[in-house]
Amino acid sequence: MPSPRSAQWYGGTDRNAYIHRAWMRRGLPAHAFDGRPHIAIANTASDLTPCNAHLDEVAQSVSQGVYEAGGIPLDLPVVSLGETLVRPTAMLWRNMAAMATEEMLRANPIDGVVLLGGCDKTIPSLLMAAASVDLPALVVPGGPMLTGTFQGVPLGCGTDVWRLSEEVRAGTLSEAKFLTSESSMIRSKGHCNTMGTASTMAMVAEALGATIPGTAGTPAPDSRLLEGSHAAGRLAVEMVAADRRPSEVFTRGSFLNAIVALAAVGGSTNAVVHLLAIAGRLGVELTQDDFDRVGAGVPLLVNLQPAGEFLMEDFHRAGGLLAVLKEVEDLLDHDAVTVTGRALTSYLDEAEIWDREVIRPRSEPFQPHAGIAVLHGNLAPDGAVLKPAAATPALLQHRGRAMVFDSIEDMHARIDDPHLDVDADSVLILRGCGPRGYPGMPEVANLPLPKKLLEAGVRDMVRICDGRMSGTAYGTVVLHVSPEAAAGGPLGLVRTGDVIVLDVEARRLDVDVPQDVLDAREPARAAVEAFASPTRGWERLYVSTVMQADTGADLDFLVGSSGDAVSRESH
């Protein structure tokens with residue numbers, strides 16, 4: 001076995017080696033520097049990322065596994081993004097978190113890394129970092145919370161926030177009862193218990209081969225999560241010995257497996273921008289259209305909120321992701337390996353569905369076709385996405401007059417105006433919410449319905465936005481419209497009263513305006529004035545270099561990788 005990377009810091013008798021060893025001799029014995037692998041535990045635990053607050057406990061189990069396997073575990077706190085708290089949106093800092101983690105992994109004397117994430121942007125940013133530095137790496141997902149109940153009914157974290165808040169606006173639920181449910185929704189440690197973005201990215205990470213198979217979806221309070229964390233620590237040492245790196249594990253076949261899994265579990269549309277960004281760091285060919293081409297014909301097998309009824313605790317009890325993948329095994333790439341070195345499909349032989357209400361067999365799917373629909377047309381030249389599983393079937397072919405909001409502030413100011421010129425057939429358009437425009441592409445695309453329509457019983461409308469929506473959300477919402485309005489996209493040219501044509505079956509999204517008329521228009525002044533125009537700091541760097549949603553919304557200079565080499569000494 002070749003000398004470990006960490007020996008470049010600790011090996012030898014010169015002054016620099018002395019400094020590196022001496023400053024680490026605060027508990028590390030002399031034999032820590034005899035060539036044993038040093039394993040970083042990239043930990044996103046933070047009190048301000050509530051979904052990840054328990055990861056310090058997980059890190060302890062990882063550490064024990066590393067020690068048991070003969071390695072040296074090293075805690076490495078990294079940038080943590082709490083979806084529920086940070087403004088204007090956690091997505092603004094996903095690339096920053098990835099860049100900072102990448103640089104710390106490269107700069108430090110480590111041979112491998114265990115990545116601890118949970119909340120929406122933490123697993124994507126960690127995988128982007130690991131892909132760019134290309135050291136042996138695996139993920140331990142933090143796991144979903146247990147099911148909370150209110151008045152005897154299970155509550156879906158996130159999904160029921162959207163549902164109950166709309167009922168308050170409609171006048172069918174009192175504000176007092178709504179606020180009382182607040183203490184019931186978050187029952188335990190862990191991330192959202194719906195098939196939102198956090199759960200989706202754990203599923204996707206496992207299908208990608210980034211976790212020990214069978215780990216994703218284990219509830220945060222479940223003792224088996226700590227057992228799996230211990231095993232991950234042991235595996236990290238083995239991966240270093242085998243020189244098993246992300247560039248070897250995450251192939252195009254792995255990404256296509258992740259797309260199949262995304263469709264079969266009814267996962268979040270946010271996985272599209274995250275997988276595209278991860279693939280971009282590796283140089284793996286992956287396009288937005290691949291999500292439609294590979295995933296559109298995959299049946300939805302999982303009856304979970306927001307598309308269905310149950311929650312993540314039920315999903316784990318029913319057999320979890322491996323049981324789902326067993327049903328679609330013929331659609332998977334059998335050559336794609338996992339961090340264990342074994343093919344993903346080799347773990348499916350004993351997988352079984354234990355509750356067929358939660359996980360449906362392929363012969364009786366929850367929905368026959370799911371996946372992510374990728375739309376094109378004169379309103380989205382570079383594409384837009386829609387999640388049919390979360391939409392109202394009757395609205396998937398629709399024609400209606402546009403009601404345009406030039407900014408999030410404009411929408412909030414007018415959405416409940418009783419004189420707003422909308423009806424149930426109107427198409428609500430919110431622009432200025434893309435990567436550049438907001439900035440950061442926030443989860444605002446599932447904009448609230450006009451109060452007067454809610455009071456009339458309307459519960460869904462076609463909505464179009466260049467931003468994103470929470471994976472816990474639902475509705476007939478067209479997302480990630482590219483190019484965004486702030487990048488000169490035609491969404492910036494639409495006017496209230498224009499006729500919008502949505503045809504999901506034909507994969508079309510158009511504004512029924514002659515092209516020469518559209519070309520002659522200027523972007524709305526109010527929209528342009530609302531676009532982000534930062535003068536300093538990360539926001540300025542982000543807005544000037546961020547790419548569009550159809551390629552993953554990474555920064556243009558971060559695409560690709562730099563490897564793990566560091567050529568110069570520090571002293």
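A: **The second largest pocket**

Eighteen residues line the second largest pocket, and Trp9, His20, Ala107, Asn108 and Pro109 are those that lie nearest its centre. The elements that each give two or more residues to this lining are α1 (7-10), α2 (15-24) and β2 (72-77). Here helices (H or I, at least four residues) and strands (E, at least two) are DSSP runs, numbered from the N terminus. The model is predicted: local features need pLDDT of at least 70 and side-chain atom pairs count only at pLDDT 80 or more, while totals for chains, interfaces and linings use all residues. Residues are numbered from 1 along each chain as its sequence is written, and side-chain values use heavy atoms, with hydrogens and water left out.

The volume of the second largest pocket is about 480 Å³. A pocket is an open set of points on a 1 Å grid over the protein atoms alone, with protein on both sides within 12 Å along at least five of seven lines; a cavity is a set where a 1.4 Å probe fits but cannot get out, and lining residues have an atom within 4 Å of a point. Grid points are joined across faces, edges and corners, and a volume is the space filled by probe spheres set on the points. By class, the pocket lining has ten nonpolar, five polar and three charged residues. In this scheme Ala, Val, Leu, Ile, Met, Phe, Trp, Tyr, Cys and Pro are nonpolar, Asp, Glu, Lys and Arg are charged, and the others, Gly among them, are polar.

The search of the whole structure also finds one cavity of 30 Å³ or more. The largest cavity has a volume of about 30 Å³, and its lining consists of Leu262, Ala263, Gly266, Gly267, Ala370, Gly371, Ile372, Lys387 and Ala389. Five of these lining residues are nonpolar, three polar and one charged.

Helix α12 (residues 252-265) packs with helix α16 (residues 320-327) at an angle of about 100°, their axes being 10 Å apart. Axes are lines fitted to C-alpha atoms, for helices over the stretch in contact, and angles run from 0 to 180 degrees between N-to-C directions. The two helices α12 and α16 are therefore roughly perpendicular; angles under 35 degrees count as roughly parallel, over 145 as roughly antiparallel, 65 to 115 as roughly perpendicular and the rest as oblique. Ala261, Ala264 and Val265 of α12 meet Leu321, Val324 and Leu325 of α16, where contact means heavy atoms within 4.5 Å. This contact has six nonpolar, no polar and no charged residues.

Another pair is formed by helix α5 (residues 122-133) and helix α13 (residues 270-282), which pack at about 10° with axes 8 Å apart. That angle makes α5 roughly parallel to α13. Among the residues in contact are Leu127 and Met128 of α5 and Ile278 and Leu282 of α13. The contact of α5 with α13 divides into eight nonpolar, two polar and one charged residue.

A cis peptide bond, with omega about 10°, joins Gln305 and Pro306, and Pro306 lies in the loop between α14 (288-295) and α15 (312-318). The bond from Ser482 to Pro483 is cis, with omega near -5°. Gln151, although not a glycine, has a positive phi of about 55°. Most residues other than glycine have a negative phi, and most peptide bonds are trans.

The chain as a whole has 21 helices and 14 strands.
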